[in-house]
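The stops below proceed from the whole chain to single residues.

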Amino acid sequence: MLAAGREVVVLDDLSTGRADRLPHGVPLIRGSITNRRAVRRAIQHEAGITGVMHFAARKQVGESVQRPLHYWGENVGGLQVVLEEMVEAGIAQMVFSSSAAVYGQPTMADPLDRISEATPCTPINPYGATKLAGEWMVGATAAAHGWKALSLRYFNVAGAGSADLGDPAALNLIPMVLEALDEGRRPMVFGDDYPTADGSCVRDYIHVADLSAAHVAAARVVEASHAGPVSRSPQEKLQHAAARAELAAARLPGGALAVEVASQVPAAAEAAASRAIHRVPPAARAVERATGALPFGLGAAGPSGVAGQATELVVEVASQLGSLAAKVAGVEEPPRLVDHLAVNVGTGRGSSVFEVIEALRASVGDDFAVDIVERRPGDPPALVAAPDLALALLGWRARHVLQDMTDSAWAAWQVRPATR
Ligand SMILES: NC(=O)c1ccc[n+]([C@@H]2O[C@H](COP(=O)([O-])OP(=O)(O)OC[C@H]3O[C@@H](n4cnc5c(N)ncnc54)[C@H](O)[C@@H]3O)[C@@H](O)[C@H]2O)c1
C-alpha cells in the first residue's frame, strides 16, 4: 500500500505479528480487534481513515478444532467490533482476508476441477466456518450501509516478499520442509496414492507478493466503485477517476498502450492525465503544479476558482482516459462492485507436493530425501482456484511461478532471526 502511494495505520495485538516488520513511520496501535477502544483509536486516527483492510485472525486449522470458541470470538466477534466501529465512523470501504478454507472439501464432478466462486462453500473445520461467517457479516453490512467490500479467498500463500519478511511460523508445506531439513529430519509427504498425476496432493500456491498486489488492486476497485453517501470533494473525485483509469490501464497489455492512449488527449492535460493513469500521487503533483496548491490530504485545490477548475479538468481527463484505455484494450468498462463480492486469489495452476519438493531441492541446492507417510485425514486430492473473476474484476493475475516462491522462502529462511 505504501508503494502504491497510500498512507496506512496498523492495528495489531502482536500475537503473531512483529512491530519491527513495519516500515519506518507507519503508525502502530497495539491492541486487539476485540477491544473496542483500540479499534476506535485506529478507525478514528488523525490520518483520516477511508477504508479498512482486515487481516487480523487466528488461522491454525488444528487449533480451531481444539478451541472453536476462541476462533469464533477472535475471527467473528473481533470482526463485528471492527464493522460496528466502521459503521459508527461512516467508513464504507473494506477488503477482508478470507480463505479457500471456506470451500472445505468441495464436491465436484471431477476432483481435479478448479474451484470457482460459484462452488458451494462447505467448510470442514471451525477456522473455515469463521471465515465464511466473516464474509457473510461483511456482505450483509455492505448491503445495509451502501458499502463497497471485497472478500479475498486466498489459496496457499507461499514465499517471501523480501528476505527479511519470511514466514515466521512453520505451518505450511514450504517452511515445514525447511524446518525438517534444519533439524536433520527427512521432510514428510502425506500420501502418494491420491488420484493426481504423481499421487501427491495438489494445491494452488500463490506468492505473497502477488497476494499483496491483489490487495492493492482490490482497494482500487473498492475505491473506484464507491459511490459515496455524501458529495465528494474535487480531490476525492480525482482519486476515484484516477483509480478507475489506473484499473483500466492495468488491464492493458504491458501498459504500453496506456501511453499511446494518453497521447490522444488534449495536449494541455496530457502530462497530468498520463500520470493519473499510473497512480494517484503523481496526479496530485500534476494538480499541484497546475494550481500551485498542496497535494491530497493537505488542503489541496479548493472547489472554486482557478484551482478548482484545474482539478476538475484533470478529473475529467482521467475519467475519459479510463474509458478510452478500456476501449483500446478491447475490454469492457471495469465492472462495478455493487456491495460485496468474494473473489478467489490463486494462480489457477496446481502444484503437487512432489513438485514443491523438487522446486525446493533446486532452491536449496540439495537433493534431499523425503519420507512418504499415511494421508492426513481431511486432505482433499486437489484444491486449485479458478482465478477468472479476479482478472475480470480486479484486473489482477498472479505473476510468480513456484520456483520464485521456493527461492524467496529459502532466501528468507537463511536470514531468519534466531528467536523464530
Ligand atoms: N497465510 C495463509 O496461507 C492464509 C490463507 C488464507 C487466509 N489467510 C488469512 O489471512 C489473514 C492474515 O494471515 P497471515 O498468514 O498473515 O497470519 P499472521 O498470523 O501472520 O497474521 C495475522 C496478524 O493479525 C494479528 N492479530 C491476530 N489476532 C489479532 C487480534 N485479535 N487483534 C489484533 N491483531 C490480531 C497478528 O498479530 C498478526 O500480525 C488471516 O485473516 C488469515 O486467516 C491466510
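Of the 420 residues in the protein, 43% are buried; a residue is buried if 20 or more other C-beta atoms lie within 10 Å of its own, exposed if 12 or fewer, and partly exposed in between, with C-beta atoms placed from the backbone. The model is predicted: local features need pLDDT of at least 70, side-chain atom pairs count only at pLDDT 80 or more, and totals for chains, interfaces and linings use all residues. Residues are numbered from 1 along each chain as its sequence is written.

Colour next by secondary structure. The protein has 14 helices and 13 strands, which are DSSP runs numbered from the N terminus (helices H or I, at least four residues; strands E, at least two). Among contacts with a separation of 6 or more, 76% link residues 24 or more positions apart; a contact requires C-beta atoms, placed from the backbone, within 7 Å.

Select Leu150, Ala214 and Ala218. These residues have the most contacts inside the largest nonpolar core, which has 79 residues. Such a core is a set of buried Ala, Val, Leu, Ile, Met, Phe, Trp, Tyr and Cys residues joined through C-beta atoms within 7 Å. Helix H6 (residues 208–225) gives the most to this core, contributing 10 residues. Centre on Ala218: leaving aside residues up to four places away in sequence, Ala218 touches Val95, Leu150, Leu152 and Leu394.

Move to strand E10 (residues 340–345), where six of six residues are buried. In a regular strand, side chains alternate between the two faces of the sheet. Here His340, Ala342 and Asn344 point one way, while Leu341, Val343 and Val345 point the other. Ser151 has Ala342 in E10 as its bridge partner.

Display the ligand. The shell around the ligand holds 20 residues, the closest being Gly17, Ala56, Ala57, Ser99 and Val157; a residue is near if its C-beta atom, placed from the backbone, lies within 6 Å. Helix H3 (68–89), strand E4 (93–99) and strand E6 (156–158) each give two or more residues to this shell.

Finish at Leu14, in the loop between strand E1 (10–12) and strand E2 (28–30). Although not a glycine, Leu14 has a positive phi of about 55°. Why does Leu14 count as exposed? Leu14 is so classed because 11 C-beta neighbours lie inside 10 Å.

Methods: Contact = placed C-beta atoms within 7 Å. Pairing = 2+ DSSP bridges.
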